[in-house]
Amino acid sequence: MAGGDVKGRGTWATGIGFILAAAGSAVGLGNIWRFPYITAENGGGAFVLIYLGCIVLVGLPIMIAEIMIGRSTQKSTVSAFRELSGKGSPWISLGWIGVLCGFLILSYYAVVAGWALHYVWRSISGAFTGQSADQLQAAFEQLSTDGGQSILGMMIFMAITMALVLGGVEKGIERWARILMPVLLLMLVGLLLHSLTLSGFGDAFRFVFGFHADDLTGAGVLEALGHSFFTLSLGMGAMLTYGSYLHRKADIVGNSVAIALLDTGIALLACLVLFPITFTAGIETAQGPGLVFISLPIAFAKMAGGGILATVFFALLSFAALTSTISMLEVAVSYFIDEHGWKRRKATLVSGAAITLIGIPSALGRNWFDLMADFTSNILLPVGGLGTALFIAWKVGDRLRRDEFIAGSRFATFYGLWLGVLRFFVPIAVGLVFLKAIGINIF
Ligand code: TRP
């Protein structure tokens, strides 16, 4: 039992397989769609720096804690909290929040993923070429308000996600991560090489890495912190679940560092791909969620070879989304397998169908979509992440925590530092985001 495979519930075949699957979960719409537009909205450089700080000081410590809970129990989220805290303990609700959150996030995330897929189709069929800015803007508005098209896109995306999750941990999730992630990186590097040739690259680079302290706002700091959660897939047991398939001897800290580096690197690369394109075309960059779906097609329509670039870009976006939707569905699936003894097949079909149904209102209208997005990112994820941090920092025994941290790790000397950060800094920082989210502004 090389992987410490408990009752045949699955295990990663290789170390790199785990890193790619977890990085696949982390790298998603958050990196390529959301991060560039919130960076643009918050004025670039200073926001990026704060974001990097949040990844290192909050995201990474929580990721280590989450993976630890999964790896030590070899169980999915509800069962894992029960095993560590005892039957009937209130901490188990963290597991329930995770499963609920997985259902809710996936239900609207799959709608956006469906749009990405739709744009692959549009770029292949040449629907962007020769279109004016107004036409392209109208085309996106039409798609995002046309319930029929959105539902169809979402259903196709959910069907693909379910098909891959059906394959199980090793033959489904791991295998596809090992195919999709390298392809994703290749496409990103290809697009970057192209962006390097554009006249706007220098300005874009200075925008992302130039530090202008006066651009910093309190709201920007909190947005950076909230995003560091979402982008690393923290707070709902996704990393916990992937950790539960991890080899007993694997280095949790080293793996977490690799995952966070990949995730952050890809988010920054996405900016260096996108901004040169919009800067060179002279298009307004700070226009929110429309950056990828409106500004970029406008730029592509003006560019030589724009059709091919658009196809590659939206395929990249779809691949990134797919490895993330897989991880969200797996949280629900592993819950039904561990807690109710269901077969993977039944668990995947039932939870996938339920999520698709919950997604329909998100595909039909902005209000429900925004409600789901805000409720999960602003309330459920911070509660889940903070709870996980407190649980590992204050509730579990030092023995378990230390053993999990140092097992096979090159980073064993950082144990005390990590624990200190998790005990004091993380609760304060996450507490602030949470208060802000429920309308209490400290800044
Ligand atoms: N991290 C992914 C992104 O950036 C989204 C995601 C996948 C996620 N699994 C998650 C977010 C679990 C929160 C929790 O797009």
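The model is predicted: local features need pLDDT of at least 70, side-chain atom pairs count only at pLDDT 80 or more, and totals for chains, interfaces and linings use all residues. Residues are numbered from 1 along each chain as its sequence is written, and side-chain values use heavy atoms, without hydrogens and water.

**Ligand contacts**
- The ligand is surrounded by 18 residues, each with a heavy atom within 4 Å of it.
- Ala26, Gly30, Tyr109, Phe230 and Ser233 are the closest.
- Polar contacts are pairs of N or O atoms within 3.5 Å; within protein, one must be able to donate a hydrogen and the other to accept it, and residues adjacent in sequence count only if both atoms are side-chain atoms.
- A ligand nitrogen lies 3.0 Å from a side-chain N or O atom of Ser233.
- A ligand nitrogen is 3.2 Å from a polar backbone atom of Thr231.
- A ligand oxygen is 3.1 Å from a backbone N or O atom of Leu29.

**Ligand burial**
- Alone, the ligand exposes 360 Å², and the protein buries 100% of that (Shrake-Rupley method, 1.4 Å probe; for residues, only the protein chains shown count as cover).

**Pockets**
- A pocket is an open set of points on a 1 Å grid over the protein atoms alone, where a 1.4 Å probe fits, with protein on both sides within 12 Å along at least five of seven lines; lining residues have an atom within 4 Å of a point.
- The largest pocket holds about 710 Å³ of space, a volume filled by probe spheres set on points joined across faces, edges and corners.
- Its 31 lining residues include Arg34 and Asp374, both among the closest to its centre.
- The second largest pocket has about 280 Å³ and 13 lining residues, including Trp418.
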